[in-house]
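My comments are set out below as numbered points, to be read beside the coordinates.

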Amino acid sequence: MSYIVDYYEFWIFVWLVLTGYVAGTYNERRHYRSIRRREKELKDVLAFAVRTLPAGRPYESARLVTGSAVISVDYFKSILAALRKVIGGRVDAYESLVERARREAILRMKAHAAEEGADMIFNVKLETTRVFQGERSAAQSVESLAYGTAVKSA
Amino acid sequence: MGVETERRSLKKGVFPTYENRQPPEGINRGRDRPLRDMAVLGGATLALIAAVLIGVYQFGNLLAPLVPFAWEKPLGDGMVKQWAKSPGNAETGQYLRTLTNRLAAVMDLPDSMTITVHYVHGETVNAFATLGGNVVVFDALLNKLPSENGLAMVLAHEIAHVKYRHVVRAMGGGILVSLVSSALFGDTGFAGSLAGGGGMLTALHLSREKEEQADSEALAALMAVYGHVNGFDEIFRLLGDGGGKSGARSVPVFLSSHPLTGPRIRRLQRIARDRGWPVDGEVTPLDP
């Protein structure tokens, strides 16, 4: 019993890692399912990286649409990434995080466009920023911002 | 749709149809095996840290004996102050000092080395040596020990730790370990306390070799003073019985760092037999 009390910092750490793994894995799977479902739902809103409409294509209106998402890393992943940092290599733990943030941002941008009645978005750009949580940079989040010009076809 | 085709369609005023296909999965994502990664990376990291700390500890162990004994003295005197606050019976203290001097006389200590024994009041059935030749004996130990010979064994064991600079060695290692671990992990984290918070904890856990060396030396001292080694095992039996389950970490434990009681007694019996030292003989009663 005294062992648990004396090394409570260690047990808190263990608990955080376990919770991070279980909850993080569950949340990630759920998020991916939601992303795939909504990507199908919004497949009629088209996103293009090209800067301009095809010449001569008629449109009714054009306006800026944005979508942004902030996704946090879980404790388990932050430990894994910190360990990876020592020896280098692909940080698998963060790759899915960034991917989810980007896809979510694009989805929200498309949702924004759909609300405006637009069916195409041109000049789509993506930005990714990390968001610090507190001074200890252990647990971080990434923000992805997607924006572009939404066009309502005539 | 090719550029040419599109251009032609545009000229005709017919626009191509577009679609966004569902992005393929798994291209932008790493191999999804976090548990395996954690096991490999975590295991390797722990092994590396352990290797570094062990190396650092050994280094400190090697360097520490080069510290002159005189430098230890002020440190050690400061450390025993907290126990000196509750001294045990004065007459018994004098008796302990006399016994200590008799033992030290036959133990071939370097000239510069002096042993200071402190008889203190405490519930712990124990005695320990610390820096500067300071030996602390709790009165609970004297109350439990059957004879002077048993007590002499304990004292000689602690004197041997002083003689071979065991305490300063372990502390030298311990202090280096805690310096390095605090540099690695920050001040008072879990790792720091594991690695021997402040160098104290580590210092009090002497290695098996050091304990055995002190045992042998103490046995020889017992022989030199009494002409036989009877009573040498009293302390082991006492602590082996559970008398040693003291109030924990804060107080150093004579027996804490294994050799287990049984093998420890047998090893000393073997030494006595090999050297022809009698294991029976009249024990001197305690004179507290």
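This is a predicted model: local features need pLDDT of at least 70, side-chain atom pairs count only at pLDDT 80 or more; totals for chains, interfaces and linings use all residues.

1. Over all chains, a search of the whole structure finds 25 salt bridges. One of them joins the side chains of Lys152(A) and Glu60(A), with a distance of 3.9 Å from N to O. Because Lys152(A) belongs to strand E4 (residues 140-153) of chain A and Glu60(A) to strand E2 (residues 59-72) of chain A, this pair ties together parts that are 92 residues apart in sequence. Lys152(A) is partly exposed, its relative accessible area being 30%, while Glu60(A) counts as exposed at 55% relative accessibility.

2. A salt bridge also links the side chains of Arg90(A) and Asp92(A), at 3.7 Å from N to O. Here Arg90(A) is partly exposed, with a relative accessible area of 45%, whereas Asp92(A) counts as buried at 10% relative accessibility.

3. In chain B, the side chains of Lys163(B) and Glu217(B) meet in a salt bridge of 2.6 Å, N to O. Lys163(B) sits in helix H6 (residues 148-163) of chain B and Glu217(B) in helix H10 (residues 208-226) of chain B, so the pair ties together parts that are 54 residues apart in sequence. Are these two residues, Lys163(B) and Glu217(B), buried or exposed? Lys163(B) is buried, and Glu217(B) is buried as well.

4. A network of salt bridges links residues from both chains, namely Arg36(A), Glu39(A), Glu99(A), Arg103(A) and Glu25(B). Two of these names, Glu39(A) and Arg103(A), return in the description of the second largest pocket, where they are among the lining residues that lie nearest its centre.

5. Turning to the sheet of chain B, three strands form an open sheet in the order E1-E3-E2, with mixed pairing. Strand E1 (116-120) and strand E2 (127-130) of chain B are the edge strands, each pairing on one side only. On average, and with direction ignored, neighbouring strands of this sheet are turned by 20° against each other. E1(B) and strand E3 (residues 134-138) of chain B run parallel and are joined by five bridges, and Tyr119(B) stands opposite Val137(B) in E3(B).

6. Helix H3 (residues 69-84) of chain B packs on this sheet, touching E1, E2 and E3 of chain B, and its direction makes about 15° with that of E3(B). H6(B) likewise packs on the sheet and touches E1, E2 and E3 of chain B, its direction making about 15° with that of E2(B).

7. The second largest pocket holds about 570 Å³ of space. Its lining counts 23 residues, of which Glu39(A), Arg103(A), Ile106(A), Leu126(A) and Pro23(B) lie nearest the centre. Helix H4 (92-115) and strand E3 (120-132) of chain A each supply at least two residues of this lining, and the largest share, eight residues, comes from H4(A).

8. Finally, Leu53(A) lies in the loop between strand E1 (46-47) and E2 of chain A, and at 22% relative accessibility Leu53(A) counts as partly exposed. Neighbours within four places in sequence aside, Leu53(A) is in contact with Tyr59(A), Phe122(A) and Val151(A). The C-alpha atoms of Leu53(A) and Thr149(A) are separated by 10.0 Å, although these residues are 96 residues apart along the chain.

Note on methods: Residues are numbered from 1 along each chain as its sequence is written. Chains are lettered from A and ligands numbered from 1 in the order in which they are written. Side-chain values use heavy atoms; hydrogens and water are left out. A salt bridge is a side-chain nitrogen of Lys or Arg within 4 Å of a carboxyl oxygen of Asp or Glu. Helices (H or I, at least four residues) and strands (E, at least two) are DSSP runs, numbered from the N terminus. Buried means under 20% relative accessible area, exposed over 50%, partly exposed in between (1.4 Å probe, protein chains only). Two strands pair if DSSP finds at least two bridges between them. Axes are lines fitted to C-alpha atoms, for helices over the stretch in contact, and angles run from 0 to 180 degrees between N-to-C directions. Contact means heavy atoms within 4.5 Å. On a 1 Å grid over the protein atoms alone, a cavity is a set of points where a 1.4 Å probe fits but cannot get out, and a pocket is an open set with protein on both sides within 12 Å along at least five of seven lines; lining residues have an atom within 4 Å of a point. Grid points are joined across faces, edges and corners, and a volume is the space filled by probe spheres set on the points.
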